[in-house]
Amino acid sequence: MTGTAVVRPRLHVGLTGGIASGKSTVAAELVRLGAIVVDSDSLARTVVAPGSEGLLRVREAFGPSAIAVDGTMDRAAVGQLVFADPEALQRLNGIIHPLVRAEGRRLVEEAGPDAVVVQDVPLLVETGQADAYDLVLVVEADAEERVARMVRDRGMTEADARARMAAQATDEQRRAVADVLIVNDAGLEDLRRTTRRVWDEYVAPKLT
């Protein structure tokens, strides 16, 4: 008996970049241009929703302090634990990443064969997924500017911001897997224009 054939989209794009690099702006512009974006950060919250297998496993791994009073995962508390402890981070990733990948695969198949599907994967390099995509887009921004954004826009301390960056791949490692490097160094409108140019040069020709 043969299994059900996997439905692949017309173009399957991986989008990644360091924290606070501007990746969300690129993703939003790609949606405006017609892509379907599968957001791994959003899926990472879904797979640890109250009552889920993921949340149960997080509690087993990190104890009751990992659960907030409203029954959700306490992301701030877990973040403080794992970003200072590589072994704890590996344990958390071992729970979350397989669940996110499975849900991502389901959404990609659901999109259908005519879609441009962009998977927004912050840890694409760290989890060795670059080869899964037809095209890999990497968004890059100056490290000090990223720290400033995290402090200003996300309320992090500078130490926390730098710890988050240190837990991710380096710019060099991300560049090594990039088919297209999008440098975010001139403001949001310039970043949107660059994204539109990438669409015109790399995505649109695949749709004709």
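This is a predicted model: local features need pLDDT of at least 70, side-chain atom pairs count only at pLDDT 80 or more; totals for chains, interfaces and linings use all residues.
1. Residues are numbered from 1 along each chain as its sequence is written, and side-chain values use heavy atoms, with hydrogens and water left out.

2. An open sheet is formed by 5 strands in the order 2-3-1-4-5, with parallel pairing; strands (E, at least two residues) and helices (H or I, at least four) are DSSP runs numbered from the N terminus, and two strands pair if DSSP finds at least two bridges between them. At the edges stand strand 2 (36-39) and strand 5 (180-183), each of which pairs on one side only. From one strand to the next the twist averages 25°, where axes are lines fitted to C-alpha atoms, for helices over the stretch in contact, and angles run from 0 to 180 degrees between N-to-C directions.

3. Strand 1 (residues 11-17) and strand 3 (residues 116-120) run parallel and are joined by 5 bridges, with His 12 standing opposite Val 117 in strand 3. Helix 1 (residues 23-33) packs on the sheet and touches strand 1, strand 2, strand 3, strand 4 (135-140) and strand 5, its direction making about 155° with that of strand 1; contact here means heavy atoms within 4.5 Å. Helix 5 (residues 86-111) also packs on the sheet, touching strand 1, strand 2 and strand 3, and its direction makes about 165° with that of strand 3.

4. Because Lys 23 lies in helix 1 and Asp 120 in strand 3, the pair ties together parts that are 97 residues apart in sequence. Both Lys 23 and Asp 120 are buried (buried means under 20% relative accessible area, exposed over 50%, partly exposed in between, with a 1.4 Å probe and protein chains only).

5. The whole structure holds 18 salt bridges, including that between Arg 162 and Glu 158 (3.0 Å, N to O), which are 4 residues apart in helix 7 (residues 158-166) and so separated by about one helical turn. Arg 162 counts as partly exposed at 34% relative accessibility, and Glu 158 likewise counts as partly exposed, at 46%.

Note on methods: A salt bridge is a side-chain nitrogen of Lys or Arg within 4 Å of a carboxyl oxygen of Asp or Glu.
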